[in-house]
Amino acid sequence: MQQEAKKPRKISTYNMKGGLGKSTLTGNLAHALALLGYKTLFIECDMQRNASSILKERPEHSLTDVLTEKVQLSKAIHEARENYFIVQADRNLDEAANYIVMKGWKAYTGFKRAVQELTAYDFILFDYSPSWSAVTEAALLASDELLVPCELEPYSIDGLIEMFHKLREKLDEHKLEIAGITPTKVDFSSTMTHQYLQQLKDTFKDKVTPIIRQDKQFPRSQAYRQTIFEFNVKSKAAQDITELAKFLIKGGDTNG
Ligand SMILES: Nc1ncnc2c1ncn2[C@@H]1O[C@H](COP(=O)(O)OP(=O)(O)OP(=O)(O)O)[C@@H](O)[C@H]1O
Ligand SMILES: [Mg+2]
């Protein structure tokens, strides 16, 4: 398979801004990759648990149990759909953050190693809450690439540049490759949208991925605890997520 060279690809969907559609994008992207034949694990680093609400039953172990060293990472992996696996967050994720702070570098390196050992997966995706914590830090340090959802609005480019700067400061010398910058909730009925998109492409060039348009099918699918591919595979939402998945797959194809 194309991913062999870098397997598993460990991609964090991250932006410090809230409500951009990060969890919607990441959960559906995980299913898209799974449907395209890539074994995908989604690690949920957000106690809101929006993305993992598609699970039909609550897993016995959560990310908190892993980060507090109660269980091994493999024990917290739950099959959500064929080829699509989830490590769910729980309401006690703060406890995990405190534990990591107390344990220091051992906790960070321990989690990173545990993630590295999951070589059976093609992709590991991480989703975050917009607020910073030791859990955010541990998961970012365990990943190699960054997928950055953003809204097309005034000053969004300045905001992204500032965010990259802050991340570099916080993560010290850990370098995260930019897998892509993804405009989300794109609404072409708004007059400035084309201009903002062009500005983004002028600045970040081929890092700008296929866009995710605004589509009510996303919130509707979530109301039924389904991915967009289960709810409406013909929707523009499903098409956009698939295009994004293909972009990421191509980006990881080191054989050209
Ligand atoms: N492309 C889209 N079109 C329409 N609605 C969307 C789209 N993406 C996300 N939404 C809706 O926007 C809301 C916020 O989405 P989501 O929870 O994915 O954002 P988030 O960035 O993860 O938020 P948080 O920062 O709180 O984690 C949800 O109701 C979701 O259904
Ligand atoms: Mg979210």
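Q: Before that, what kind of model is it, and how are things numbered?
A: It's a predicted model, where local features need pLDDT of at least 70, side-chain atom pairs count only at pLDDT 80 or more, and totals for chains, interfaces and linings use all residues. Residues are numbered from 1 along each chain as its sequence is written, while chains are lettered from A and ligands numbered from 1 in the order in which they are written.

Q: Is Glu-69 buried, exposed or partly exposed?
A: Partly exposed, because Glu-69 has 15 other C-beta atoms within 10 Å. The cut-offs: buried means 20 or more other C-beta atoms within 10 Å of a residue's own, exposed means 12 or fewer, and partly exposed is in between, with C-beta atoms placed from the backbone.

Q: And what about Asn-83, where is that one?
A: Asn-83 is in the loop between β3 and β4. Those strands form a hairpin with 2 residues between them, and Asn-83 takes a positive phi near 75 degrees there. Asn-83 is partly exposed, since 18 other C-beta atoms lie within 10 Å.

Q: How do β3 and β4 pair?
A: Antiparallel, over 3 bridges, with β4 covering residues 84–87. Two strands count as paired if DSSP finds at least two bridges between them. His-78 has Ile-86 of β4 as its bridge partner.

Q: What sheet do we have here, and in what order do the strands come?
A: It's an open sheet of 7 strands, ordered β3-β4-β2-β5-β1-β6-β7, with mixed pairing. β3 (78–81) and β7 (177–183) are at the edges with a single partner strand each, so one side of each has no neighbour in the sheet. On average, neighbouring strands are turned by 25 degrees against each other, direction ignored.

Q: Let's look at β1. How many of its residues are buried?
A: 5 of its 5 residues, 9–13, so to say the strand is mostly covered. Side chains in a regular strand alternate between the two faces of the sheet. In β1, Arg-9, Ile-11 and Thr-13 are buried on one side, and Lys-10 and Ser-12 on the other.

Q: Which strands does β1 pair with?
A: β5 (residues 123–128) runs parallel to β1 and is joined to it by 5 bridges; Arg-9 stands opposite Phe-123 there. β6 (residues 145–150) is parallel too, with 3 bridges to β1. In β6, Ser-12 is partnered by Leu-146 and Thr-13 by Leu-147.

Q: Switching to the ligand. What surrounds ligand 1?
A: 20 residues, the closest being Gly-18, Gly-21, Lys-22, Ser-23 and Thr-24. A residue is near a molecule if its C-beta atom, placed from the backbone, lies within 6 Å of it. α1 (22–35) and α8 (217–223) are the elements that give two or more residues to that shell.

Q: How does the shell divide by class?
A: 5 nonpolar, 11 polar and 4 charged. Here Ala, Val, Leu, Ile, Met, Phe, Trp, Tyr, Cys and Pro are nonpolar, Asp, Glu, Lys and Arg charged, and the others, Gly among them, polar.

Q: Is Thr-24 buried or exposed?
A: Buried, because 25 other C-beta atoms lie within 10 Å of Thr-24. Thr-24 belongs to helix α1.

Q: Last topic, helices. How do α3 and α4 pack?
A: α3 (residues 93–103) and α4 (residues 105–116) pack at about 115 degrees, with axes 5 Å apart. Axes are lines fitted to C-alpha atoms, for helices over the stretch in contact, and angles run from 0 to 180 degrees between N-to-C directions. Tyr-99, Ile-100 and Lys-103 of α3 make the contact with Lys-106, Ala-107 and Tyr-108 of α4; contact means C-beta atoms, placed from the backbone, within 7 Å.

Q: And what covers the buried residues of α10?
A: The cover includes α1, β7, α8 and α9 (228–231).

Notes
Helix = DSSP H or I, 4+ residues; strand = E, 2+ residues; numbered from the N terminus. Contact = placed C-beta atoms within 7 Å.
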